[in-house]
Amino acid sequence: MKAYHLMSGLMVAGCALALPLPALAQVSLQDFNALKDVVQQLSEQVQNLQQTNVIREQTHEQDMQQIRQLQEKLAETQQIATNAEQKSIAAAQAQAQPPTREPIDEATVNHNFMMLGDAEFQYVKASGQHGGFALADFAPIFLYRGGDNILFEAGFDTILQNGQNSDGTHDSGSTTSFDLSFAQLDYVMNEYMTFCAGDLLLPLGTYSERSAGWLNKFPDDPLAVSLIPGSGVGVMLQGGIPLGDAGKLLNYQIYGVNGPSSSATNADPTSLDLGGNVGLKSDNTVANLHGGLTGGGRLGLFMPFKPHYDLELGLSGQSGEWDDAGTYLYTAGVLDWALHLGPNFQANGEYILTRYGSDQGFIDQQGWWGQVGYKLAGLNLELPAINNVELVGRYDNLHNAPGSNGLGANTGRYTAGLIYYFTNTLLFEGDYEFLHSNDPSQVDQLILQLSYGF
Amino acid sequence: MKMRKLILWGAAALVGACLSGSGLTPVQAQPSSKADSTLSPTNSVELTAQAPDTKPAVLQKQLTGAELYSIHCNRCHPERYPTERTAAQWKTIMLHMEVRANIPVDQSKLILQYLQENSGR
């Protein structure tokens, strides 16, 4: 019953509300136009707002791009500042520490003193004699460089030997010989010329300049070099002139020295003295022992084909008075050669010819030597001991040399041996010499030598 | 007479060799660095040699200090390692060797530079 009354009330209320609806739906044209204008205005405002928004977005994007660019520039600036700071710190540290060594700058010191040289120790067993340790040789070379162009160099040879009486017999104790091998002042005048003065190593061939124990592949000298003087007191001009850009050189040396002399003042053939006449006489007066100087020189051609492959040829000679009266000349000529075929093969030698006048006529002497060396490292055997070995061989001879019985000795000598390199400057040499001579003092012998160059 | 012939023949040979000029094979080894140098037990520095592309180019090439070192030092003695001496010592030694081996000053300077740059201290 209650629900029935409720439904009836709702229906009456609905009818009451439905009756005025047709009156409310009626809108005047004026109102409609006004409403239309309002809508159009609103639409225009919306469009304006949209355009404004697009412009603002574009502006924002540009601003963001500028911000990014500024940030990048800021990062670069910070990096530069960081680098500058690091450099500044490094510079401060460098100032606080000792300067780093620069080799070239270090070498700008204007003088230097040095000692080079070599030392040898020998064992000799000559045929028919007792073997024994034969040589303790110390041969320093002193160098003093004054600036870039001046060098003073002097070489000495100190040898220990048995004591000896004046008649040649053995005396007690021992003596030490101390010889000046050379002493010269060198002045580099220009690119191609050097002036030398003093006790000069004479460029008669090349052996006298390359005979130090650790340079020579044999423990003793070739026989024929005894025919020529090793040094002389005087002056010399020398130099090397390049021939092209391939390393070829024309070497020249021209000198004037006191020259050889007579040990007996006369012109007896056996009195030729190649090593004397140094200018200072035994009575302390200064004079040449004869009237004229001796002149000489060498012309050499050095032809490298590539490193370690080269050929060198040289022709040298000297001539001058030798007896006190100045009557006779001593003349010498030397042809020298040297060949390298790779780092492991070397061959070289000299032909020496001399002639001097005497009271008994002209004396002609000659001799030559040739030697080869081959380092077994060239075989690439991968054996350390073998790779340190060099096999060497030499033939040399001498005709009409002063011997125990006077002039007339003819000697030929074959030498075979080896070199063992402990280091590049410490080497052991072992050689056996087979001699053929009419001089009975010349006999076969075994020589063992330890050489050190420093 | 024999000596006169010897001197004449020797002089003729030298003049002939000089006149041959660039007809001789030029040095062909390339500049060496420490890396391509091999020190053998017998103290020989083996430089790596490379054949040039063209012969005229080689003729124009200037020798480096390393090449000149290999060419000259081995003439008379086993080569000494650059590290054996200081830069100042090499300067004195090179002046000595310049005189002893008749090396032109320019070549001597290149060798010295090579030795100093690789010197011991």
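Gln30(A) is exposed, with 8 other C-beta atoms within 10 Å. The model is a predicted one, in which local features need pLDDT of at least 70 and side-chain atom pairs count only at pLDDT 80 or more, while totals for chains, interfaces and linings use all residues. Residues are numbered from 1 along each chain as its sequence is written, and chains are lettered from A and ligands numbered from 1 in the order in which they are written.

Gln30(A) belongs to helix α3 of chain A, which covers residues 29-96. Helices (H or I, at least four residues) and strands (E, at least two) are DSSP runs, numbered from the N terminus. Between Gln30(A) and Ser226(A) there are 196 residues in sequence and 148 Å in space, C-alpha to C-alpha. The domain assignment divides chain A into domain 1 (42-100) and domain 2 (117-453); such bounds come from an automatic or database domain assignment. The C-alpha centres of domain 1 and domain 2 of chain A are separated by 81 Å.

Within chain A, strand β10 (residues 294-306) pairs with two other strands. Pairing requires that DSSP find at least two bridges between the strands. Strand β7 (residues 249-257) of chain A is joined to β10(A) by 9 bridges, and the two run antiparallel; in this pairing Leu250(A) has Leu301(A) as its bridge partner. Strand β11 (residues 309-321) of chain A is also antiparallel to β10(A), with 11 bridges, and here Gly296(A) is partnered by Gln318(A).

The hairpin of β10(A) and β11(A) has 2 residues between the strands. His308(A), in the loop between these strands, has a phi near 75 degrees, a positive value in a residue other than glycine. His308(A) is buried, with 24 other C-beta atoms within 10 Å. Glu382(A), likewise not a glycine, has a positive phi of about 60 degrees. Glu382(A) occupies the loop between β14 (363-375) and α5 (384-387) of chain A and is exposed, with 7 other C-beta atoms within 10 Å.

Chain B contains 5 helices and 2 strands, arranged along the sequence as α-β-β-α-α-α-α. Of its 121 residues, 42% are buried. Among contacts in chain B with a separation of 6 or more, 67% involve residues 24 or more positions apart; a contact means that the C-beta atoms of two residues, placed from the backbone, lie within 7 Å.

Two packed helices are described by the angle between their axes and the distance between the axes. In chain B, helix α3 (residues 65-73) packs against helix α5 (residues 105-117) at an angle of about 105 degrees, with the axes 8 Å apart. The axes are lines fitted to C-alpha atoms, for helices over the stretch in contact, and angles run from 0 to 180 degrees between N-to-C directions. The helices α3(B) and α5(B) are therefore roughly perpendicular, a term for angles of 65 to 115 degrees. On α3(B), the contact is made by Gly65(B), Ala66(B), Leu68(B), Tyr69(B) and His72(B); the residues on α5(B) include Leu110(B), Ile111(B) and Tyr114(B). Helix α3(B) is mostly covered, 8 of its 9 residues being buried, including Glu67(B), Ser70(B) and Ile71(B).

Notes:
Parallel < 35°, antiparallel > 145°, perpendicular 65-115°, else oblique. Buried ≥ 20, exposed ≤ 12 C-beta atoms within 10 Å, placed from the backbone.
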